[in-house]
Amino acid sequence: MSTPPVFGPCSDYKEECIGHKQKVLFYISLLLIAAGMAGHLVSIGPLLSQQSESENEKEKGNENDNDNGNENDNGNGNEQNSGAETEEIDIKFMQVPGFFMVIVVLITGGIGLPYIKPWSLRFGIPTICSVVATLWFFTGFREYKHTEPNGSPLTTTLRVFVATARNILKPIPNREELSNEEDARSTSSLRFLDKAAINLPGEQEQIKWKVCSVREVEDTKIGIRMLPVWLTFIVIGIVLSIGNTYFLEQANHMDRKLGKIKVPIPIFLLFYKATSSVSAKFYSFLTVICKKKYAPPIGIATGMVFSVLCCITAAKVETRRLHRIRDHGLIEKPDERIPMSIFALLPQFMLLAAVDGITNTSISGFFRHQTPESMHKYLEYFTKGVLGLGTMASVLSVYVVGKVSERNHKPNWFQYTLNKSRLDRYYLVLAGLSTVNLFIYVFVAYFYKYKESPHGVDDEPEGGEMDEGFEDNKCCC
């Protein structure tokens with residue numbers, strides 16, 4: 001509905017046809033898409049897992065019934081077993097076309113939608129598909145297995161803060177004064193939170209919002225200690241966001257020909273995915289040559305270095321692209337092809353893919369090794385959440401950089417078309433921001449107190465199999 005043909009003052013895709021109403025609708029839609037994607041990411045995996053567990057329980061129940069009730073009736077038992085096997089085959093058979101449809105729709109949409117010019121259709125087709133999918137999903141709602149909520153680490157953290165606030169006037173307790181001390185050992189950091197675990201008389205110990213266990217307090221301390229390191233990951237998300245926005249927009253108007261073949265832009269996304277997968281193996285190398293607790297921070301720092309190199313490379317390529325635009329008089333012709341090969345963008349795409357592969361695996365490893373056990377089932381969402389915050393922060397960074405660039409009556413670096421914009425300068429700002437962030441991260445990571453592996457022994461290498469020859473060359477880094 002934000003497109004000009006629907007509610008615009010005119011139906012052309014021009015700047016004067018995009019009014020305040022269209023902008024409001026567009027930004028609201030972005031928020032709704034973000035909420036929908038977030039809900040999908042955190043729900044689809046657990047839902048499928050829950051339904052598969054339900055099917056497995058039914059199968060086990062059928063097997064037990066057959067074993068107990070049909071010991072003397074082999075004929076009936078065989079019939080029931082064959083019936084269960086047929087049902088299992090039917091379920092697996094139904095999964096095959098579902099998987100096939102996902103792949104076909106994904107490929108068709110990824111390749112076909114960019115060739116549809118009107119934005120009303122580009123947005124409209126996915127909208128229709130989403131409505132059909134939602135209605136289809138609800139047809140089986142009554143058949144899904146439902147479970148009751150079983151608590152959240154956020155609730156535990158809030159309880160610790162509330163219990164600490166209740167006891168704020170009391171002195172910091174000794175270990176003998178703590179409740180459930182056998183549950184965990186109190187550490188010397190953030191001792192004021194130990195007030196949440198002060199022993200209370202009799203019945204008050206049963207009130208969760210008045211007293212917490214030492215384990216709950218220690219889990220909260222771990223989360224607070226991780227926060228400064230966690231915040232440095234947001235800048236990585238800002239850099240990663242330019243791959244799906246400005247990089248693709250630059251590629252749209254460059255020369256795609258390789259000889260006589262016209263190269264589609266999705267080929268670059270394949271290069272991106274392949275490079276990202278290969279770069280993720282770097283984390284495996286680190287887990288082999290270093291202590292496991294040091295592998296994630298070193299991998300994150302490496303990813304930050306690549307992000308600086310990516311932004312500098314992108315700035316150089318964009319400067320060259322703008323020179324071509326001026327030389328050929330294309331500043332006022334945003335829809336014209338620029339006489340510069342699209343493959344000039346390949347280095348920055350591959351560097352960004354390296355950032356994606358290395359930092360994703362390293363950040364996941366950091367959360368996996370440092371978060372308390374109560375948060376382990378949320379690890380996947382921590383990584384996606386922090387990088388998603390970076391994507392949101394990228395919008396703010398564009399706004400701030402644009403406003404600063406307008407000082408002294410100078411033109412904004414972000415114009416209506418890329419030909420008039422100065423993305424090269426924005427990329428240099430991101431390079432500077434990433435460099436500062438790298439130094440802050442090194443400082444914070446150096447003073448961070450890392451958890452040891454259980455029993456002081458490193459786990460097996462993660463992220464892929466490496467050459468066995470590296471195993472004899474482990475170092476402490």
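Colleague: Before we turn to the model, what does "buried" mean here?

Modeller: A residue is buried when its relative accessible area is under 20%, exposed when that area is over 50%, and partly exposed in between, using a 1.4 Å probe and protein chains only. By this definition, 34% of the 477 residues of the protein count as buried. The model is predicted, so local features need pLDDT of at least 70 and side-chain atom pairs count only at pLDDT 80 or more, while totals for chains, interfaces and linings use all residues. Residues are numbered from 1 along each chain as its sequence is written, and side-chain values use heavy atoms, with hydrogens and water left out.

Colleague: How many helices and strands does the protein have?

Modeller: The protein has 12 helices and 4 strands. Both are DSSP runs numbered from the N terminus: helices are H or I of at least four residues, and strands are E of at least two.

Colleague: Why is F268 called buried?

Modeller: F268 has a relative accessible area of 1%, which is under 20%, and therefore it is buried. This residue lies in helix α8. Leaving aside neighbours within four places in sequence, F268 is in contact (heavy atoms within 4.5 Å) with I342, F343, L345, L346 and F349. F268 and I342 are 74 residues apart in sequence, yet 9.5 Å apart in space from C-alpha to C-alpha.

Colleague: What makes α8 oblique to α10?

Modeller: The axes of α8 (residues 266-289) and α10 (residues 346-370) come within 7 Å and cross at roughly 40 degrees. Axes are lines fitted to C-alpha atoms, for helices over the stretch in contact, and angles run from 0 to 180 degrees between N-to-C directions. Angles under 35 degrees count as roughly parallel, over 145 as roughly antiparallel, 65 to 115 as roughly perpendicular, and the rest as oblique. The angle of roughly 40 degrees falls among the rest, so α8 is oblique to α10.

Colleague: Why is α6 called roughly antiparallel to α12?

Modeller: The axes of α6 and helix α12 (residues 423-447) cross at roughly 160 degrees and come within 10 Å. That angle is over 145, so α6 is roughly antiparallel to α12. The residues of this contact include V229 and F233 of α6, and L433 and Y441 of α12. By class, the contact has 11 nonpolar, 3 polar and no charged residues. Here Ala, Val, Leu, Ile, Met, Phe, Trp, Tyr, Cys and Pro count as nonpolar, Asp, Glu, Lys and Arg as charged, and the others, Gly among them, as polar.

Colleague: How do you know that T220 and T302 are buried?

Modeller: T220 has 3% relative accessibility and T302 has a relative accessible area of 18%; each value is under 20%, so each residue counts as buried. T220 lies in helix α6 (residues 214-241), and T302 lies in helix α9 (residues 295-327). Not counting residues up to four places away in sequence, T302 touches F282 and I358.

Colleague: What is the phi of L190, and that of H409?

Modeller: L190 is not a glycine, although its phi is positive, at about 50 degrees. H409 is not a glycine either, and has a positive phi of about 60 degrees. Most residues other than glycine have a negative phi.
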